[in-house]
Amino acid sequence: MTERLLALFQLCDSNLPTGSFSHSFGLETYIQDNTVTDSESFEEWLSCYLEEQLAYTDGIACRMVYDALEAGDLDAVSAIGAKLHVQNLPRETRQGTRMIGEGMLKLFSRLYDFPFLTDYGRLVKEKRTVPHPAIVFAITAHGLGCSREEAVLYHFYGTVSGLIQNAVRAIPLGQTAGQMLLNRIRPLLRQTAEKALTLPDEDFGLVAPGLELSQMQHERVNVRIFMS
Amino acid sequence: MTKWTGELILSLEDRAGKTVARNVYFQGAFKVMRPIYHDDSGKVCYYLLNPGGGYLDGDRYRMEITAEPGAQVTLTTQGATKVYKTPKDHAYQETTMSLKSGSYLEYLPDPLIAYKNATYRQKNIVRMERGATFLYTDILTPGWSPDGGQFAFDSVRLINEIYVDGEPAVFDNIRLSPADQRVGGLGFMEGYTHLGSMIAIGEQTTDNLVDALHGLLAETSEGDQVKFGISRLAVPGFSIRILARSTGKIEKMLNACHKRISEEWLGLTPASLRKY
């Protein structure tokens with residue numbers, strides 16, 4: 001258990017070199033138009049991003065990947081990757097997510113040689129699927145012996161702590177304010193991870209219109225420190 | 001097997017520069033009016049109508065549209081899609097569209113109005129060959145309620161699945177379930193009441209066109225309180241979303257884009273489709 005926990009700490013580190021520090025997923029649009037200005041308004045954005053976007057994309061995808069791995073069906077994993085890619089209508093977040101997925105796959109493949117991870121890496125290399133962070137994380141967590149509950153929760157935690165670090169730089173917020181938020185959002189993380197596991201397939205990729213629009217608008221935001 | 005409340009099967013082909021029906025079949029509570037040629041381009045326009053006036057509890061509708069190579073078709077509705085209360089079972093509409101290479105199909109339905117306590121699901125499945133062009137719009141309204149309240153429906157779900165040469169190209173899944181979402185909040189409807197979408201897929205898509213459409217959207221929004229975005233898809237094409245406070249506003253913005261796309265892709269200025 002301790003060994004697995006230590007491994008997970010590493011995978012969830014917000015300093016993980018996957019390129020996610022370059023992407024705000026539309027947050028920067030809200031910062032530029034002064035909708036997100038402080039810890040409170042950022043928490044509103046982050047809660048919505050977690051509950052209305054991540055749960056229906058990464059959350060459901062993690063669960064589906066676990067189903068597919070338990071059935072030994074890597075073709076299903078490829079299909080989930082393709083669907084995650086094309087449901088992401090804003091170009092920058094779609095390309096950014098792909099880049100983070102690639103970065104994560106490259107790094108995790110250096111750290112671990114789980115057979116599914118190797119096979120998935122080959123599918124990506126052969127362009128038979130589009131890499132996605134939720135899929136890379138789920139396959140790696142599965143290899144580490146995590147339950148699906150742990151996989152979703154830790155993936156959410158890693159994503160959210162990375163976004164908080166980005167917000168600390170961009171809004172900006174104090175480092176302590178960032179840590180307080182990470183502490184405060186824990187119940188919502190657990191609740192959303194639990195909920196994500198019960199969501200039906202038909203909810204896959206549900207859109208939060210405002211978030212999606214801000215991700216589209218980011219292409220034309222004047223001052224940009226993020227690529228999405 | 002599903003028993004369909006209304007069914008429509010329509011396949012279109014090009015005959016010497018004019019698009020004509022090869023097969024038209026409808027039964028139950030679905031009808032198409034006779035084809036209309038708005039100009040001498042050969043492009044045909046079909047108006048769908050629902051003689052019952054709206055969708056009722058448990059209704060099931062199915063459409064199957066095929067555009068053969070060279071066919072150019074506009075498919076629209078005669079009025080808003082109204083979904084009345086569905087106390088027992090949701091209303092459902094499923095549309096399958098097949099586009100052969102070199103065909104042009106635009107599906108431009110009127111807004112969706114879901115009444116108090118209505119649950120509605122709509123699924124569009126589009127299978128395109130590379131070289132076909134597809135254009136789609138929809139407008140989701142806050143519905144209708146006897147007491148004038150907004151978002152009184154139970155749930156509305158719109159799904160668009162688009163494949164190009166069998167590969168996933170777009171997957172769009174929208175659900176408004178006002179009771180269990182913070183519909184008004186940041187990241188969701190954000191105080192707006194109407195959501196408009198356009199999805200366009202065509203090899204002809206250029207960055208210039210996308211920039212021009214962005215400019216048109218900004219111009220036609222006239223500084224009103226709207227939020228809009230346009231972005232290129234994973235395949236040649238783009239999507240537009242608009243959050244606004246009226247159907248008219250979204251129609252005006254989408255119509256301006258539609259006109260520009262028709263001029264650029266078909267060399268045509270589209271006729272006004274609206275009939276009231």
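Visitor: Taking a salt bridge to be a side-chain nitrogen of Lys or Arg within 4 Å of a carboxyl oxygen of Asp or Glu, how many salt bridges does the structure hold over all chains?
Guide: This is a predicted model, in which local features need pLDDT of at least 70 and side-chain atom pairs count only at pLDDT 80 or more, whereas totals for chains, interfaces and linings use all residues. Residues are numbered from 1 along each chain as its sequence is written, chains are lettered from A and ligands numbered from 1 in the order in which they are written, and side-chain values use heavy atoms, with hydrogens and water left out. Over all chains, the number of salt bridges is 37.

Visitor: What area is buried between chain B and chain A?
Guide: Contact, meaning heavy atoms within 4.5 Å, involves 32 residues of chain B and 35 residues of chain A. Buried area is the accessible area (1.4 Å probe) that two parts lose on being put together, summed over both. Carbon and sulfur atoms give 56% of this area, and the whole is about 2900 Å².

Visitor: Which element gives the most to the side of chain B that touches chain A?
Guide: Between the two chains there are 21 residue pairs in polar contact, both residues being at pLDDT 80 or more; such a contact is a pair of N or O atoms within 3.5 Å, where within protein one must be able to donate a hydrogen and the other to accept it, and residues adjacent in sequence count only if both atoms are side-chain atoms. Helices (H or I, at least four residues) and strands (E, at least two) are DSSP runs numbered from the N terminus, and those of chain B that give two or more residues to this side are β14 (167-176), α1 (207-221), β16 (227-232) and β17 (237-244). With eight residues, the element that gives the most is β14(B).

Visitor: Which residue of chain A meets B:Arg121 in a salt bridge?
Guide: The count of salt bridges between chain B and chain A is seven. B:Arg121 also belongs to a network, built of salt bridges that share partners, whose members include B:Arg157, B:Arg175 and B:Asp180. At 2.6 Å, N to O, the side chain of B:Arg121 meets that of A:Glu202.

Visitor: Which residue of β17(B) is the bridge partner of B:Arg232?
Guide: β16(B) and β17(B) pair in the antiparallel sense over six bridges, where pairing requires that DSSP find at least two bridges between the strands. A hairpin of four residues joins these two strands. The bridge partner of B:Arg232 in β17(B) is B:Phe238.

Visitor: Which residues of chain B does A:Arg91 touch, leaving aside residues up to four places away in sequence?
Guide: A:Arg91 is placed in helix α5 (residues 91-111) of chain A. Its relative accessibility of 26% makes A:Arg91 partly exposed, given that buried means under 20% relative accessible area, exposed over 50%, and partly exposed in between (1.4 Å probe, protein chains only). Besides A:Glu219, A:Arg91 touches B:Ser231 and B:Arg232.

Visitor: Is B:Thr193 buried or exposed?
Guide: B:Thr193 lies in the loop between β14 and β15 (194-201) of chain B, and its side chain is joined to that of B:His194 by a polar contact of 2.7 Å. Neighbours within four places in sequence aside, its contacts include B:Leu140, B:Gln150, B:Phe151 and B:Arg245. Because its relative accessibility is 10%, B:Thr193 counts as buried.

Visitor: How many residues apart are B:Asp165 and B:Arg130, which form a salt bridge?
Guide: The closest N and O atoms of B:Asp165 and B:Arg130 are 3.3 Å apart, with B:Asp165 in the loop between β13 (155-164) and β14 and B:Arg130 in the loop between β11 (119-128) and β12 of chain B. B:Asp165 is partly exposed at a relative accessible area of 41%, and B:Arg130 likewise counts as partly exposed at 48%. This pair links distant parts of the chain, and its separation in residues is 35.
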